[in-house]
Amino acid sequence: MYLEGVSKTLTETSVNGAAQAVEAVEKKAVYEHWKNWHASQISHHGKICCEIAREWITATDFSELNGDCVLTGPRWLRQKFNWGASTFPIYWCEAVRRKTLDCGALAALAHEIFTARGLKSYRVQLIQKFSSVATSQWTNSWGSCGEPLAWTKGDLIYHEGNAIDIGDRKIKVWDASAGWWVDSKPANGYGAVLAIRLSGLNLSAGESFHWGEQTIKACEWKEIC
Amino acid sequence: MKIYISGLYSGTNPQPGVGIARSIRTAYPQAKLVGVEYSNRCSGIHWQDFDEIWLQRPWDELNLETHAAEIKKVLDDGGLWISSIDLEIMWFAKVFPDGHPNLLTPPAGALRQVGKPAITAHEGLPVKIPTFVTTEISDWDLHAFCREHDWKVWLKGPYYEAARTRSWAEFEEKRSILSSAWGTEKLFLQAHVSGYEESITLAAYRGELLDCVRMRKRDLTELSKTWAGDVSEVEEEFLAPLREMIRRINWTGGAELEMVRDGDNQLWLLEVNPRFPAWIHGSTITGRNIPASLVAGATGIAPEESPVLAEEFTRVVMEIPVRPEYPLSPLPEPLGGRIGHSLKHPSGLVQFANRLNNLSVFDEGEESDGTASVFQAPRVPPSFIDDLGSLNITAMETPASLFLENTAAEYFEKAGALVEELSTDELRVTNAYSIKTNPDARLIKLALESGFLAETISLLEVKKAIEVGFKPEQIVLNGPAKWWRREILPEGKFYSIFCDSIEELDQVIEKVESGELQTEHLGVRLRTPNVVSRFGIPIDTPEVFERLIDAVQRIPKESKFAVHFHMASSNVGVGHWWHLFESILRWCSSIEALTGRLIEILDVGGGWFPEDLQKDSAGNFRKAIDLIPDFLPHVRQIISEPGKALAQPSMAVAMQILELRNAENSVAEAVVDGSIAELPMYFFYPHRILYQNMQSGDWKPLGRGKTKLLGRLCMEHDIVASNIELPETAQVGDILVFCDAGAYDRSMSYVFGRG
């Protein structure tokens, strides 16, 4: 398990030498950095401009659903918006006009959509493993002049999605940026989910859910692998 | 141990033979594996795991009796046979009706119970079967099935192949191809189920389930075949009834249950293949060697353990050496002037299917003389026959348009009764007759007398409505170019005007404010996202939506606000139409909330088929009326436009047979004096055809057969019916009446080839 691995390595530091200690501290630091991040939000000007945008998103979703099951992921969002850098705060009236949105903005829109469909939707934060080649590419393509991105560290990334309550305390996890349901089966390779946290105003601390074989407590990071 | 494995085709839609060989080689390194194929073009014959290749002649030239005797000898000598070929397995069931201890394929009784599409064996499994119909029902009913399922349907062959049919023209084309390929008209249409595909593959011997796994597809080929997948245990809730099913039907051999899991987690069983799937070695990679368990079950010889290499598998394309004893054949010459080399089904499987058809292998022993028609003729309302009886058609110059007066009156009356029934104290439902559907004055008059409004798309149509007796305050003006011939704009106040664009709305607002134009209701036609249409205001971008909100706020207060949407349910499907209706309610609710303008009229255009409007077995109309107050509490009137549903059955076209052309002792083609100029909607839906017996005068609906009805025009595509069954008594001069020709067939008919 990723987080267990971190603490285990830390305790072994004095025994196993400096290299391991550095790796462990780095991983711990990465985790600590994202640990207190909040799920992204879309802001509202409190005016008609943002209300028009919000109504447009939810009405469009119903049209795009095409009469399918409400548990169908809103794949159309990724047809409408490319995945890429967003700046925050971002307002509703801006977000719907952007050509590109990041995972946080897309997940925030998806949350609004799932909720409008009458589903219980929660926000999900993920730590995923990719590769240093991938994170290096993102660093360059996201236009940060080669500066490290806050959401990447080594081969790890911070990511956002949505959890949908499907009854019996079970959830499905939707990745609005990828347009797919995230596999709950633990994996430890390219794209694997290493840790997950559910959050939302409609969640009480201590509530727990089943995601495949995993049990996830609300508002707490859960190591998957 | 000697194991024969047949079915080694290894193209992009492969047979499982090579995968079976790889798995068995893993478990039984010393076994002698004999690959059986019926074409040297199947590249699997070169796979290294085969110790021998038993190459037969292709199925179309194979002597089946000799081959059966040879296989029996192989089995009697102790060889095992695992088949990967569905048709071969069906043939085995005929050759070995009681099975053979060494033949690892299902017996006839078991095969019958997994026959698609019904798959009767599925009882007890936690699955559903997607809705289906046989193509032996009438074309009229097949069209109804397609509409009911929103044209998300698959036309499936009896053994293999499925084709999506998005329109009637596509359906007819695919039906012709599949019927011709498989030598049978017994195809079926099945409703599509959206979801993720997964399979269970299993091995069983004499009714005992030996092993099984679940596989979820994770990557697909262009034909939606598995390219990668993950393998897991079958959960007990499925396993227990599966074990029971296998015992009940006494299964032997491999099998694959192909399923779709929908958004509600419901599994839909598409088919049960009587063999291992092509991805079978993917399971072995995960440590679950299902073919080995079959061999172990049949022989009692324990296999070597298959190592767990991963939980997931994928495919690659690889080149392998060709066996020198089977050098590659040259490519066939392309047909003159054609592009590409035809290499489909190199082993002659399609021809084999035809041979098996002739041997009645699929009919449980019933011999067929191949002549009796299995097709149902369409049902025709009695009023059609009554109306035809009152017309002296033989005295008419054909092709002739026939007005079915009583039928028309009956349909208008029913439409009137329906809106009465649906209306409530708070919400009035009103019909509007769409004049463009058929501008025949008799129909417009019926509409007027039945309390309809007139729906028009031009000022010329307005003029026609007024000539028949409508007043401007009973007229709805719609369409993209309604101000064409502005000089004939009548005096008076329209009932409603719906603008097709924001630009038009701006202009109309200006004219209403200046008093140049009067209308009780002013509104917009909306085009919701995900709809392919050229009409209405496209609210699929936030920019246009915001402009619309701004424009609606500027509509003069003295005009009541209204919204119109129109989609032909016959084109998009009935279910989809009702989804669009609910979608428009949501958009309207948003517009009300954002503009503060209350919507008082909702005008919904339908493009309904008569049956869809009248049947409404789901009570959709009532549900819709009940739903409206939840979204739009201020709507006081719904305008319904059932023009097509009323006009279509109200007219028919009479044609006379000019010439009968025979081939193989039957009428292959008949030339008629009608044409697609009188029946322009021929490509969009089937028309019911009535034939009059000249002796008795009786009218008989024609079913499907082998005769083509050629129109009189010198146009290649002037074929007014592709496959009908003409009575043996048919002769030159006989009359055929094409029903259901009163809507756009009439209004869009044209003069052609008349000098």
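How many helices and strands make up the secondary structure of chain A? The secondary structure of chain A comes to seven helices and 11 strands, where helices (H or I, at least four residues) and strands (E, at least two) are DSSP runs numbered from the N terminus. The model is a predicted one, in which local features need pLDDT of at least 70 and side-chain atom pairs count only at pLDDT 80 or more, while totals for chains, interfaces and linings use all residues. Residues are numbered from 1 along each chain as its sequence is written, and chains are lettered from A and ligands numbered from 1 in the order in which they are written.

Of the 225 residues in chain A, 35% are buried; a residue is buried if 20 or more other C-beta atoms, placed from the backbone, lie within 10 Å of its own, exposed if 12 or fewer, and partly exposed in between. Where chain A meets chain B, the contact takes 19 residues from chain A and 20 residues from chain B, two residues being in contact if their C-beta atoms, placed from the backbone, lie within 7 Å. The side of chain A that touches chain B has nine nonpolar, five polar and five charged residues, with Ala, Val, Leu, Ile, Met, Phe, Trp, Tyr, Cys and Pro counted as nonpolar, Asp, Glu, Lys and Arg as charged, and the others, Gly among them, as polar.

When residues up to four places away in sequence are not counted, B:V737 touches B:L388, B:L402, B:A652, B:A654, B:I689 and B:L690. Strand β32 (residues 735–738) of chain B is joined by three bridges to strand β28 (residues 689–692) of chain B, and the two run antiparallel; strands are said to pair if DSSP finds at least two bridges between them. B:Y691 stands opposite B:L736 in β32(B) and also opposite B:K700 in β29(B). β28(B) and β29(B) form a hairpin with six residues between them, and B:G697 in the turn has a positive phi of about 80 degrees.

Elsewhere in chain B, four strands form an open antiparallel sheet in the order β6-β9-β7-β8. Because β6 (132–134) and β8 (162–164) of chain B stand at the edges, each with a single partner strand, one side of each is left without a neighbour in the sheet. The twist averages 25 degrees from one strand to the next, where angles run from 0 to 180 degrees between N-to-C directions and axes are lines fitted to C-alpha atoms, for helices over the stretch in contact. Helix α6 (residues 168–182) of chain B packs on this sheet, touching β7 and β8 of chain B, and its direction makes about 25 degrees with that of β7(B).

Helix α12 (residues 405–422) and helix α13 (residues 441–449) of chain B pack at an angle of about 35 degrees, with their axes 10 Å apart. The contact is made by B:A408, B:A409 and B:F412 of α12(B) together with B:L443, B:L446 and B:A447 of α13(B), and these residues divide into six nonpolar, no polar and no charged.
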